[in-house]
Amino acid sequence: MLESYPDDRVLIERAQGGNREAFNTLIRKHERRAYQYAYRLTSNPEEASDVVAEAFVRVFSALHNFKGQSAFTTWFYRILTNCFLDIRKREKSRPTMSLEAALQTPDGELERQIEDPSLSPHEESERSERGRSVEAAVEQLPEYQRAMIVMYHAEMMSYEEIADALDLPIGTVKSRLNRARLSLREQLVKDEELFKLG
Amino acid sequence: MNTDKAREYFSSYFEGSLDTGLSQTFERKLNTDAELQAEYRAFERTMSQLSSLREIESEVPFDLHDKIQARLDLHLFEQKRAKKAPFALWFRTLGFAGLAALAIFGAIKAIGTDKAVGDPGMAGVLTTGGGDTPKMDEAKGFQLKLDQFGEVTVRDAVTGAQKGDVVNVTPETPYLSLENSGAQAEFVKVEVSGVKRPIFVAVPAKNGSDVAAEDATIRGAALRLAQKYGTPVVLNVPDPMAALPIATVKQNDPVGGVSEALGDEFRVEQRKDNLIWVHQH
């Protein structure tokens with residue numbers, strides 16, 4: 001079912017005036033696309049949901065600062081990207097826990113069960129081998145480069161939109177994207193050679 | 001054109017955005033360098049493969065909207081609690097009080113001078129982020145003295161949103177004024193053009209309440225200490241979101257108190273601008 005929503009400017013103006021329903025509509029309008037972007041960055045449904053939820057909280061908090069000089073989606077992509085980077089930093093600074101360590105409960109020890117976030121067999125068969133190889137190579141990129149690659153190649157954003165979203169000069173976006181692509185090329189060439197050997 | 005330079009042009013050549021002259025030079029290089037040619041062919045394959053990223057999608061969780069609403073409700077609840085109780089607890093969060101306003105003013109004056117606004121040696125005062133442009137001699141707020149110069153951008157450390165105008169800081173005009181007219185201490189990022197690592201500043205609010213009581217990070221500590229001592233805490237650290245246990249601080253002296261809170265891993269100093277600077281070893 002195709003849903004139509006009011007223009008972002010209208011929703012934002014109402015939300016800035018304190019209309020919570022307008023903000024809820026803004027969430028509904030953008031949450032799915034935001035989730036797909038976050039999923040492409042994180043490859044993890046749970047983490048993607050966290051990124052999106054956190055991003056909307058920041059949008060709500062900072063909406064009074066949004067002057068409409070850029071499109072809302074551009075501003076929102078910036079916040080989403082920052083949330084992803086911040087959550088990743090937090091994860092890295094957390095103390096690690098051994099997966100082998102059992103949980104102590106009043107009823108005795110429990111083995112730690114880790115949910116497997118990987119694709120189901122059906123989903124796996126839908127993806128080509130090459131697609132998985134590209135996805136794996138992108139996951140190896142530093143987070144910032146990964147965000148730019150996903151923005152350009154998956155979200156189909158232009159260089160100008162990416163520059164606006166990340167608040168970088170367009171030349172910097174182009175050179176960083178080129179570098180990210182060169183890194184990916186190296187990784188994929190290695191994978192191709194492994195396929196040949198295997 | 002050397003090989004490294006040629007690689008820098010891979011994307012532009014692929015997209016057809018190189019000008020004619022440069023394109024011809026690039027092609028000549030490709031034609032005479034078999035290894036580079038092979039690299040470029042591999043690059044073309046990579047660009048083609050990258051289009052498959054569009055296919056990566058996950059089924060949107062059925063409860064995503066509810067999760068967002070729950071997070072938002074929690075944020076609003078915590079905001080209300082923080083405003084009501086002077087020592088309210090604050091759940092660890094990257095959000096901040098939406099009503100806070102941080103006014104940033106441009107670099108103002110050199111040390112020990114008494115120059116007038118129109119004097120060519122002075123950087124003009126730029127009002128950014130709201131508020132009227134003050135006169136030079138009515139500069140308010142804290143004066144952050146920078147030791148690296150260039151175009152300075154102040155951003156909200158949470159959203160990345162720019163606060164105010166970009167300001168040019170020079171050796172002659174090295175100060176950046178920071179004033180927080182909001183209800184709680186604010187955490188901002190100060191970026192200087194050409195300098196890789198930004199600094200972070202926790203700016204106290206004039207009559208602010210306790211903040212970030214349960215935020216167990218360097219940032220959380222900086223916000224609490226800035227509000228406690230009424231002076232900005234400047235962080236020269238690689239990661240302000242790194243974990244740091246919450247410590248009870250008893251010292252009245254800001255340098256002693258901040259050192260006590262942060263531990264031996266940090267060097268703390270109070271500079272001539274009276275701000276507390278923290279450096280990580």
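Over the ring of which residue does the charged end of B:R271 sit? Select B:R271 together with B:W277, and you will find the charged end of the former over the ring of the latter, 3.9 Å from its centre; a charge counts as sitting over a ring if NZ of Lys or CZ of Arg is within 6 Å of the ring centre and within 35 degrees of the ring normal. This is a predicted model, in which local features need pLDDT of at least 70 and side-chain atom pairs count only at pLDDT 80 or more, while totals for chains, interfaces and linings use all residues. Residues are numbered from 1 along each chain as its sequence is written, chains are lettered from A and ligands numbered from 1 in the order in which they are written, and side-chain values use heavy atoms, with hydrogens and water left out.

Next, move to chain A and select A:R181, which lies over the face of A:Y152 at 4.8 Å from the ring centre.

Returning to chain B, select B:F10, B:Y13, B:F14, B:F26, B:Y40 and B:F43, which ring pairs link into a cluster; rings of Phe, Tyr and Trp (its six-membered ring) pair if their centres lie within 6.5 Å.

Now colour chain A by burial: of its 198 residues, 46% count as buried, that is, under 20% relative accessible area with a 1.4 Å probe and protein chains only.

Along the sequence they follow the pattern α-α-α-α-β-β-α-α-α-α-α.

Notes. Helices (H or I, at least four residues) and strands (E, at least two) are DSSP runs, numbered from the N terminus. Buried means under 20% relative accessible area, exposed over 50%, partly exposed in between (1.4 Å probe, protein chains only). Rings of Phe, Tyr and Trp (its six-membered ring) pair if their centres lie within 6.5 Å; planes under 30 degrees apart count as stacked, over 60 as edge-to-face and the rest as tilted.
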